[in-house]
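Reader: Before I plan around this protein, I would like to go through its model with you, one question at a time. Could you take me through the local contacts, the helices, the sheets and the covalent links?

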Amino acid sequence: MFNTKKTALGFVIAAACAAPVQASGVQAFLDSLRDFESGINPALADFYLENLDNPVYTYAQVTEPGRLVRDCSTGEMISEPTTISDFFKKLGIDGIYNPDTPNDPAMFREMQYNSMNAWGFIGYQLGEALLIDSGYYSPTTAVVDGVEYDSFYMFVPDSTWIGCKTEALAEIEGSGGNKVYVTDNNLWEGTFVGKNGVNSLADLRLPEKQELVIRDAMHFNYKVLTKLLSDANMTWEQALNKSWPGEDDNGRPIEVKATMSGLLAAAHLRGAWGTGALLTKDQITCDELGTCITKYVYKFGGFDTIFDVPGDSTTHGSPYPEVLTAGWGNDTVITGGGSDKLMLNEQQGSTTTVVDFTVGDDLVVLSGWNAADPLANLVVAETGEGAELQFAGQRVVLNGVSASSVQANPADVIVKSNIYPLAWRGKSVVDNFDPNIDKIEGTSGIGFKHLKAYQTENSVIIGPQAQDGGIYAYYELTGLTLADLRPDMFVNVTGSFDRLGFIVPLNHINWGWNMELVVGSFDVSKTVLTVPSNNPVPFASLQLVQQGADTVISLVEPYAKGDKKKIILKNTEVGSLSANNFAGFTGDFSEVTVDNPVFFDITVTVDGLGGSVSPTPDANGVIKGKGGTDFTINFTADQGYAVKAVIVDGQVQPASGSYTFTALSGAHTVSVSFEKSDNPTPSCPANWDPDTVYTGGEEVLYQQNIYRAQWWNKNVTPGGQWGPWDLIGPCE
């Protein structure tokens, strides 16, 4: 973080901190913050040009941008006189600055977003910890004394680095004792997870990406601050009435008043927990350069933001997509463009006016309301200003929007969002969970790395994993699959979404006596079957059998003792499973009984035209049949044809639609021929039904095409490169 006055560490920076100004829009706030945080202020263009070779700054020594040099005896940074040219070089932006166009706004904008300070913070001074919290980044890990810790930079006392140390164990503030292996700089050795298209450090430097990141960071800090205030029995109204003594840039005493923009800036400087301590305990802390939290509260106070404040106020967005809040009073909302969500707070009698709402692009969301069904009696009326929505004792006025455009489909304009907090309270079934609107809310600093999910035949289970490996408090989201899970479904869950684990917990709830557990999606690369650590299961008790496309896991005697429970892993090959897919099991994975079926070649010939066989033979005309099972080959005549002759191993068989090998025990040959028929078979089978069980050879109609099942399946949509369905052709 940069400071533009003489700081406690003696940095001499040329510009003075200006007094707070009233300004409109969150972008004006962020532009001001970026001018300061990046260390590059376009207002200083002439100063930069005049002092390219003059040591007007005192700045940290670095070996390269983002690599601070410290005094090994104290752990403190080593500073030195620095020219503007050297300053730009230390920030890694000397190749962007052009002294021939010293006032180019586009140049300064690029310099700001690419600036990397001595600690490895980028642009808005975004660091690893903040990107982890806002879901963009997964840290690397380090093993210390046999324990694995996340490893990334966060602020710790300089004394931590005495003796030229560059890494150490440290506790995360506000985490309840969680530790990380902290590094002395942001090393950026972790993984960007792709949220909002941020896949690399280069992406993070792009203005359009960095603007989205800073907004998510503000939302994270706001949510944490709200929780900290609630824990201290303090309201936002009380927080925004706080003030602290301070000094202006000339050393004169001033009163620093809390505002939403000032507190958001303070949270960016010292984290949400440091800002919470300021509000609840009046603790004034400072950053690595000695910049104190009240400096930010003062300097960046008085801007409109995207967050509501108690009383009548203005919420002001920008052309970027925003999530705004309003409703604690008679509020005005300016979305500013983009696709926006307005999270409306619940307050009887309030009127919220949105001046630039776009139907089909923007959305009003009632999130976390106490009213059970606030939209049950929604009334939409035409007014002189636009459409007025009346519901649950509140009003929303959409300026310039016609009532008829709202009435055409109210759900395109206003919806209720349900919030489901994660808590240790057993199983909760949720029907009709909407991943686009509804939220799962974390509590007590829970992170994605603590959450586990798995897919059953008809739902997704998600909840925190207990120390013994089980999931005992969870939500069952009916009708969803793992593919429906997405980062914005979760609020107050820290870390990056890619750290969400996939397990199948096996316990008395879902794997009791004679129970059958169907796992609808099992990714062998990252899904683990777990049993409680206090009730281990020996590998020797397991039997794995391939049944069609599925793996069936059951118990063998004498371990089973009559218990016929089993697990069906859909579309999973037995041979793809390993010890990595099992946790809490004892012994060696090699002790598992594996039924590796023998397959025999059935060579099939279709003599002439008029029909086909299934399962579909390979390029050599061979069908693989599982030994020891009854195996059926189906003969399907084309429109206007019928089966003429079936010959098996040289022997003529009755002309029928199929032939079954009983307890298949060897290779065979099959020949079939078709002839024109006066009684043609129907050209189109019945429509595919997701609730119907299909077996090999059965045909369905889906999207005007005929598909034939290769094996048993249910609720598997025809089509795609893989799966149980063969495309026969269009229905005529």
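**Contacts, helices, sheets and links**

Author: Let us begin with glycine 190, which, once its neighbours within four places in sequence are left aside, is in contact with Tyr137, Ser138, Pro139 and Thr140. The model is a predicted one.

Reader: In which loop is the place of glycine 190, and how far apart in space are glycine 190 and threonine 662, C-alpha to C-alpha?

Author: Glycine 190 has its place in the loop between strand 9 (179-183) and strand 10 (191-192). In sequence, glycine 190 and threonine 662 are 472 residues apart, and their C-alpha atoms are separated in space by 57 Å.

Reader: For helix 7, what distance apart are the end C-alpha atoms, and how does this agree with the span that its residues should have?

Author: Helix 7 covers residues 207-231, and because each residue counts for 1.5 Å, its 25 residues should span 36 Å. The distance between its end C-alpha atoms agrees with that expectation, being 36 Å.

Reader: Are helix 1 and helix 7 roughly parallel or roughly perpendicular to each other?

Author: The axes of helix 1 (residues 26-37) and helix 7 come within 12 Å, and they cross at roughly 100°. Angles of 65 to 115 degrees count as roughly perpendicular. Helix 1 and helix 7 are therefore roughly perpendicular.

Reader: Which residues of helix 1 and helix 7 meet, and how many of the residues in the contact are nonpolar, polar and charged?

Author: On the side of helix 1 the residues are Val26, Gln27, Phe29, Leu30 and Arg34, and in helix 7 they meet Glu211, Ile214, Arg215 and Met218. Sorted by class, the contact of helix 1 with helix 7 has five nonpolar, one polar and three charged residues.

Reader: In the open sheet formed by six strands, which strands stand at the edges?

Author: The order of the six strands is 13-15-17-21-20-19, and their pairing is mixed. Each edge strand has a single partner strand, so one side of it is left without a neighbour in the sheet; the edge strands are strand 13 (314-316) and strand 19 (379-382).

Reader: Within that sheet, which residue in strand 21 is the bridge partner of threonine 353?

Author: Strand 17 pairs with strand 15 (residues 331-334) in the parallel sense over three bridges, and there aspartate 331 has threonine 352 of strand 17 as its bridge partner. Strand 17 also pairs with strand 21 (residues 394-399), again in the parallel sense, over four bridges. In strand 21, the bridge partner of threonine 353 is valine 397.

Reader: Do strand 20 and strand 21 run parallel or antiparallel, and which residue in their hairpin takes a positive phi?

Author: Strand 20 (residues 386-391) is joined to strand 21 by six bridges, and the two run antiparallel; glutamine 390, for instance, has arginine 395 of strand 21 as its bridge partner. The hairpin of strand 20 and strand 21 has two residues between the strands, and the residue with a positive phi, near 45°, is alanine 392.

Reader: How many residues apart in sequence are the parts that the pair of cysteine 72 and cysteine 164 ties together?

Author: This link is a disulfide with its sulfur atoms 1.4 Å apart, and it is right-handed, with 75° about the S-S bond. Cysteine 72 lies in the loop between strand 3 (67-68) and strand 4 (79-82), while cysteine 164 lies in the loop between strand 7 (147-151) and strand 8 (167-171), so the parts tied together are 92 residues apart in sequence.

Key
Residues are numbered from 1 along each chain as its sequence is written. This is a predicted model: local features need pLDDT of at least 70, side-chain atom pairs count only at pLDDT 80 or more; totals for chains, interfaces and linings use all residues. Side-chain values use heavy atoms; hydrogens and water are left out. The expected span of a helix is 1.5 Å times one less than its number of residues. Two strands pair if DSSP finds at least two bridges between them. Axes are lines fitted to C-alpha atoms, for helices over the stretch in contact, and angles run from 0 to 180 degrees between N-to-C directions. Angles under 35 degrees count as roughly parallel, over 145 as roughly antiparallel, 65 to 115 as roughly perpendicular and the rest as oblique. Contact means heavy atoms within 4.5 Å. Ala, Val, Leu, Ile, Met, Phe, Trp, Tyr, Cys and Pro count as nonpolar, Asp, Glu, Lys and Arg as charged, and the others, Gly among them, as polar. A disulfide is a pair of cysteine sulfur atoms within 2.5 Å.
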